[in-house]
Amino acid sequence: MQRIRLRYTKRGRLRFTSHRDFQRAFERALRRAEVPMAYSAGFTPHPKVSYANAAPTGTGSEAEYLEIALTEPRDPDKLRELLDESMPTGLDIVDAVVSHTSGLADRLTASIWELRLNGVEPADAQRAAEAFRAAESVEVQRRTKNGMRTFDAREAVVSLEALASDEALSHGTDRPTDQPCAILRLVVRHVTPAVRPDDVLSGLRAVADLAPPVPAAVTRLAQGLLDDETGTVTDPLAPDREAATAPPQNHGSAAATAKAPATEGPV
């Protein structure tokens, strides 16, 4: 069985698709591309697809990940092209590698988010970001299935900064307009309970009275393993690429050399 790991996006209006909507679209793409999928056992077999840490509905993303299991080997680049052609524009398959390592989900420990705040002056966003970073804790509330829950939105935020408009990397419909527009870039650890971008916005409202007149356009730019020394988020597929290009170790020759009998010299 071969396992392929894929990175996909949610751009433009497709950011409003739910995770279940994406699952249906992806399973249709698997059938159109005639991918030799492995299926689960039981009375209702389904294709073996593992999704990892999907973005909330309404947020865009450049870095969503999943893994599929195949019954026959396929070239990952060719497979990516076939699947991308079968997906709606905006739900784009942008990367594919053969799985050579374990623990993809364990390498998704942080995300980089971009928040576009239309109608907000950049100077106001800068002051709010400074107030948020200076706070020891920022308590916010979120409604859950068990009622309202209060938690600290500050602890999970590794960095938060305001950017100039020309530094933004958002895609799709998130383009600058003639109105004031502030852009925030933040790195957030994946903790429990999860701290989402809208929680950070609630925190900015609490500490600096920052309230955008229209809903923020939120895009996940990356997710992966957090480097604590630099505060950067690394590519979670890099270990698989490195394992694929690493030269094979010739254990057999070493073992044969170790077991070879010593040669006796002349008496």
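How many aromatic pairs does the structure hold? It holds three aromatic pairs. Rings of Phe, Tyr and Trp (its six-membered ring) pair if their centres lie within 6.5 Å; planes under 30 degrees apart are stacked, planes over 60 are edge-to-face, and the rest are tilted.

Before you start: this is a predicted model, in which local features need pLDDT of at least 70, side-chain atom pairs count only at pLDDT 80 or more, and totals for chains, interfaces and linings use all residues. Residues are numbered from 1 along each chain as its sequence is written, and side-chain values use heavy atoms, with hydrogens and water left out.

**Stop 1: the aromatic cluster**

Select Phe22 and Phe26. Their rings are stacked, with 5.8 Å centre to centre and 10° between the planes. Both residues sit in helix α1 (residues 19-32), four residues apart, or about one turn of the helix. Helices (H or I, at least four residues) and strands (E, at least two) are DSSP runs, numbered from the N terminus.

Buried means under 20% relative accessible area, exposed means over 50%, and partly exposed lies in between (1.4 Å probe, protein chains only).

Phe22 lies in helix α1 and Tyr51 in strand β2, so the pair ties together parts that are 29 residues apart in sequence. Tyr51 is partly exposed, with a relative accessible area of 22%.

**Stop 2: salt bridges**

Side chains of opposite charge can pair when their charged atoms come close. A salt bridge here is a side-chain nitrogen of Lys or Arg within 4 Å of a carboxyl oxygen of Asp or Glu. By this rule there are 16 salt bridges.

Select Arg11 and Glu62. Their side chains meet in a salt bridge of 2.7 Å, N to O. Arg11 is in the loop between β1 (2-10) and α1, and Glu62 is in strand β3, so the pair ties together parts that are 51 residues apart in sequence. Arg11 is partly exposed, at 25% relative accessible area. Glu62 is buried, at 9%.

Move to helix α3 and pick Arg127 and Asp124. Their closest N and O atoms are 2.2 Å apart, in a salt bridge. The two residues are three apart in the helix, about one helical turn. Asp124 is partly exposed, at 31% relative accessibility.

Next, select Arg142 and Asp199. This salt bridge has its closest N and O atoms 2.3 Å apart. The pair links distant parts of the chain: Arg142 is in strand β6 (residues 139-144) and Asp199 in helix α4, 57 residues apart. Both partners are buried: Arg142 has a relative accessible area of 15%, and Asp199 has 2%. Then show Arg3, Arg5, Glu67, Arg107 and Asp240. Salt bridges that share partners join these residues into one network.

**Stop 3: Phe132**

Select Phe132 in helix α3 (residues 122-134). Phe132 is buried, with a relative accessible area of 0%. The C-alpha atoms of Phe132 and Arg205 are separated by 9.6 Å.

**Stop 4: backbone checks**

Most residues other than glycine have a negative phi, and most peptide bonds are trans. Which residue pair carries a cis peptide bond? The bond from Thr192 to Pro193 is cis, with omega near 0°. Pro193 lies in the loop between β9 (181-189) and α4 (197-208).

Select Asn53. Its phi is positive, near 55°. Asn53 sits in the loop between β2 (49-52) and β3 (60-70) and is partly exposed, at 38% relative accessibility.

Then select Asp209. Its phi is also positive, near 55°. Asp209 is in the loop between α4 and β10 (217-227) and is exposed, at 65% relative accessible area.
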